[in-house]
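The following explanation is intended for a reader who meets this structure for the first time.

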Amino acid sequence: MHYFSFTTPENRNKTDHSVLRHLTSKIKSTGPISVAEYMREVLTNPVSGYYVNHDMLGPDGDFITSPEISQIFGELLGIWCVSEWMAAGRPKQFQLVEFGPGRGSLMSDILRVFSQLSAPLGGAEMSCHLVEVSPRLSKLQAQCLTGDQSQVSTNEDDPVYRRGTTTTGLPIYWYRRISDVPQGFSIFLAHEFFDALPIHIFQKTEKGWREVMVDVHPETEDKLRFVLLPSATLASSTLLQTDEKRRHVEVCPEGGVLIQQLACRIVEDGGAALIMDYGHDGVKTDTFRGFKAHKIHDVLAEPGTADLTADVDFSYLRRVAGDRVTCIGPISQRAFLKNMGIDTRLQVLLRHCQDPSNQAQLIQGYDILTNPEKMGERFQFFTLLNHRRLTTPETGEGLQKRKGPAPLPVAGFSELCLR
Ligand code: SAH
């Protein structure tokens, strides 16, 4: 993920020392910690975590994720959500759920599309639900989406910690975890979210699989290093496939649990999940990396001042989803956006835009999103759908029974076609 810290150097050092001190004292008292625990502490510790502590806005802000690069990205995803809602038979209740919304740009572009499509969406009871661990980012999201008209809950046990009304008039709620989001027909979106979830790292040795852990450096107390545990851990004996061919493997069990929760909800309430991330289909090794100020950063250096990320293993997500839901993908961002009509949308925007510098910006954004050398190929799209979505319904009774119309193809994974 390309997503960077915006603290001043002073603040950076403060965070740095407290995170490092916390980690070294923990390791000294209980022994080396797993990479997953390290990642969780560094990114989402409620006091010192990178996401919890960093302001993502301001003059120093320079991160690049697709929704920030071009409005077209969010607009096409808005069309995707509407197309899946229509294909599901236009259920009355329509919850849009986003995980880790960052600055809220993706949701904001989607909501603009929804308000332009108020005629086809008419009658649906729509609501927005954001799952966000960082109270600080939730504030930025609320500023962007509600025009700062949101209320924070005074009760710490309230599953909804912030609520409001979007500038387009929809109720919007913030939660810490998916289990707090109400049940009901939902379209779930996760953009650059799964890559931030903690991974375990394993290495094949002559004695079998062993887990890579984080330890304090024996010579330099304020430095961390990786070590290989001499014996198996619960994780190394339960999280790997018996026929695994790779010798280094990263597994993200939290991502697996989230996929199981999404699959259950999609089976019970209908709906779909769209997961968009850097990733691979079970072939890559050693993708754990840090990013700071647009550069690769040593994952163990100055913890808390840089983003940590690992490519998403879509083959693992597909395996844990099982056969309860239909999984499609991963396919490249380039293919997905082309199927959604990005070329036509670009032409329309260029026709309506007179300013040459805005035109150049639109073209540059299009290039970054779709160029195979940039985000076009490395970025992948993967969806979970209710099985009913792709089966041809039967209509009529008894002998009168006949096949209904064939289901619509899934937009993005094949060409968009709205009836
Ligand atoms: N989707 C945005 C931001 C991606 S950064 C974009 O593409 O621009 C990751 C986001 O997920 C941040 O908003 C971060 O605070 C949030 N996040 C990270 N780990 C989380 C967790 N375990 N639970 C909820 N939110 C989390």
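A search of the whole structure finds 1 cavity of 30 Å³ or more. Here, on a 1 Å grid over the protein atoms alone, a cavity is a set of points where a 1.4 Å probe fits but cannot get out; a pocket is an open set with protein on both sides within 12 Å along at least five of seven lines; and lining residues have an atom within 4 Å of a point. Grid points are joined across faces, edges and corners, and a volume is the space filled by probe spheres set on the points. The model is predicted: local features need pLDDT of at least 70, side-chain atom pairs count only at pLDDT 80 or more, and totals for chains, interfaces and linings use all residues. Residues are numbered from 1 along each chain as its sequence is written, and side-chain values use heavy atoms, with hydrogens and water left out.

The largest cavity has a volume of about 100 Å³. Its lining comprises 14 residues, and Ile199, Cys252, Asp311, Val312 and Asp313 lie nearest the centre. Two or more lining residues come from each of strand E11 (248-251), strand E16 (312-313) and helix H11 (314-321); helices (H or I, at least four residues) and strands (E, at least two) are DSSP runs, numbered from the N terminus. By class, this lining holds 9 nonpolar, 1 polar and 4 charged residues. In this scheme Ala, Val, Leu, Ile, Met, Phe, Trp, Tyr, Cys and Pro count as nonpolar, Asp, Glu, Lys and Arg as charged, and the others, Gly among them, as polar.

Attention now turns to the pockets. The largest pocket contains about 810 Å³ of space. It is lined by 38 residues, with Gly100, Val131, Val133, Phe193 and Leu197 nearest its centre. Helices H2 (35-44), H4 (66-69), H6 (105-116) and H10 (253-269), together with strand E2 (93-99), each supply at least two residues of this lining, which divides into 20 nonpolar, 9 polar and 9 charged residues.

The ligand sits in the largest pocket, meaning that more than half of its atoms lie within 2 Å of the grid points. Of the 16 residues around the ligand (one heavy atom within 4 Å), Thr65, Gly100, Gly102, Glu132 and His191 come nearest. This shell consists of 8 nonpolar, 6 polar and 2 charged residues. Taken alone, the ligand exposes 570 Å², of which the protein buries 93%, with areas from the Shrake-Rupley method and a 1.4 Å probe.

The second largest pocket contains about 460 Å³ of space. Among its 21 lining residues, Met86, Ala87, Ala88, Arg388 and Arg389 lie nearest the centre. Helix H5 (71-87) and strand E12 (271-280) each give two or more residues to this lining, and H5 gives the most, with 3.

Two backbone details complete the account. The peptide bond from Gly329 to Pro330 is cis, with omega near 5°, and Pro330 belongs to strand E17 (residues 326-332). Arg90, in the loop between H5 and E2, has phi near 50°, a positive value in a residue other than glycine.
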